[in-house]
Amino acid sequence: MIFREVEDPDLIAKARRGDVEAYNLLISRWEKRVYNYLLRLVSNREDAMDVSQEVFLKAYQSLPKLDDPARFSGWLFRIAHNEAFSLLRRKRPETELAGEPRPDNLNPRLLPMELSLAVETALGRLSADQREAVLLKVYQGFKFEEMADILECPVSTVKSRLYTALDLLKATLAPMHKAALRGES
Amino acid sequence: MNCISPESKPDWKAYVLRELGQDAHRQAEAHLATCSICHEEVATLRLTLDTLSMLREEEMPRRIAFVSDKVFEPRWWQRAFSPTFAAGVLVAAAILVHGAMRPSEIPQAQVDAAVDKAVSQVEARHMQEVRAMYEQLEVRDKQVANMYSNAVLIR
C-alpha cells in the first residue's frame, strides 16, 4: 500500500464537487499566510480578518474557473491582492491620515526582539505597491513571473517596485541590524 | 579587483533573491570573489533581507471555516455534469429502455399449450427412435440365427 499526503490539487478537486470539509482543510493550509499578507497591506487586524474571509469565499465560488490547480497559490494571492486594493481604495482618505504620523528616524539601538516592530514600521513607510512586492517576494517566496501574474503587470514593473523598496529598506534597516549585532557582541 | 563600469555589475538584487539563471549565478559568484565593492553591496543586501526576516508572523484572531450550506452546494446543472451523477443517469436510462422493450405478459393457457405441444413432439420423436432400435435388433437376431444354422451344417 502506498501512502501519500493529500495535496492541494486533491482538495481542490473535492471542493469543486461541493465537499466543504475538503475546502476547510485547504483554508487551514493557507489562511495564516493570506492573513499576514493582508495584514501588512491593510495595516489593520479586523480589516485583514474580514478581507481574508472574503478572499476564501470568493476563491470557493471561483474554483471552477481555476485552470491549473497546481497554480492555486498564485491564483489565491491574486484574489487577495484585488480584495486588499479594493478596500484600500475605499478607505484611502482614512489610510492616508493614519499613515502620516510615522517617525522619521527609527532607533538604531534596537534589540533583536524589537527589530520585528522596526521592520513593520519600515514596511509601513513604503508605498502600497512597493510593500506588496516585498511581501510577495520576501515573505511568500513567489518568483518574478508569478508576482507579475498576481499583480497583473509586467515583470519589469515588479522588479522596479521591488528594487526601489529594497533600496529604501536597506537604507533604513541595515544600520539598525548592524547596531543590534554590535549590541549582542 | 573592483568594478570598472556599473554596466558590468551583475544584478545583485536578483542574485540575493535567487532569481538569476544558473550561468548568470555562477558568473556573479566569480565576480563576487574578486570585487570588494560588490562584496560589500551583497553583504548589505543580505543584512537587509535578514532583518526583514525578523518580522514575526501573527496568529489569526479567529480561524476561517465554512459550513455546508445550500449556498455552497453545486447547482443542479453542475451536479448533472459530475461523472458519478452522469453514470447513474445512464444506468437508470438503460434499465428503463430495457423494461420498455420487453414483450408484454403471455396468458398462462397459451404457455401450457405450447409446453404440451413441445413435450408431445419430443415423445413422438422418442417413440420413433425406440421403434427403429427394435427393428434393428430383430434384423440382427435373424442374422445371428442364420449364422448358427450354417455352422451346424458345416460340422
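These legends describe close-up views of a predicted model. Residues are numbered from 1 along each chain as its sequence is written, chains are lettered from A and ligands numbered from 1 in the order in which they are written. Local features need pLDDT of at least 70 and side-chain atom pairs count only at pLDDT 80 or more, while totals for chains, interfaces and linings use all residues.

**View 1. Val16(B) and its surroundings.** Val16(B) belongs to helix H1 (residues 12–16) of chain B; helices are DSSP runs of H or I, at least four residues, numbered from the N terminus. Val16(B) is partly exposed, because its C-beta has 19 neighbours inside 10 Å. The scale runs from buried (20 or more other C-beta atoms within 10 Å) to exposed (12 or fewer), with partly exposed in between.

**View 2. Contacts of Val16(B).** Leaving out residues up to four places away in sequence, Val16(B) touches Val42(B), Leu45(B), Arg46(B) and Leu49(B). Contact means C-beta atoms, placed from the backbone, within 7 Å. Ala43(B) is 27 residues from Val16(B) in sequence, and their C-alpha atoms are 9.5 Å apart.

**View 3. Where chain A meets chain B.** Here 35 residues of chain A contact 29 residues of chain B. Several helices of chain A each supply at least two residues to this side, among them H2 (20–42), H3 (45–62) and H9 (155–184). The chain A side divides into 19 nonpolar, seven polar and nine charged residues. Nonpolar covers Ala, Val, Leu, Ile, Met, Phe, Trp, Tyr, Cys and Pro; charged covers Asp, Glu, Lys and Arg; the others, Gly among them, are polar.

**View 4. Confidence in chain B.** Mean pLDDT (the predictor's confidence in each residue, from 0 to 100) is 84 for chain B. Confidence is highest in H1(B), at 95, and lowest in helix H4 (residues 76–80) of chain B, at a mean of 68.

Key: Contact = placed C-beta atoms within 7 Å.
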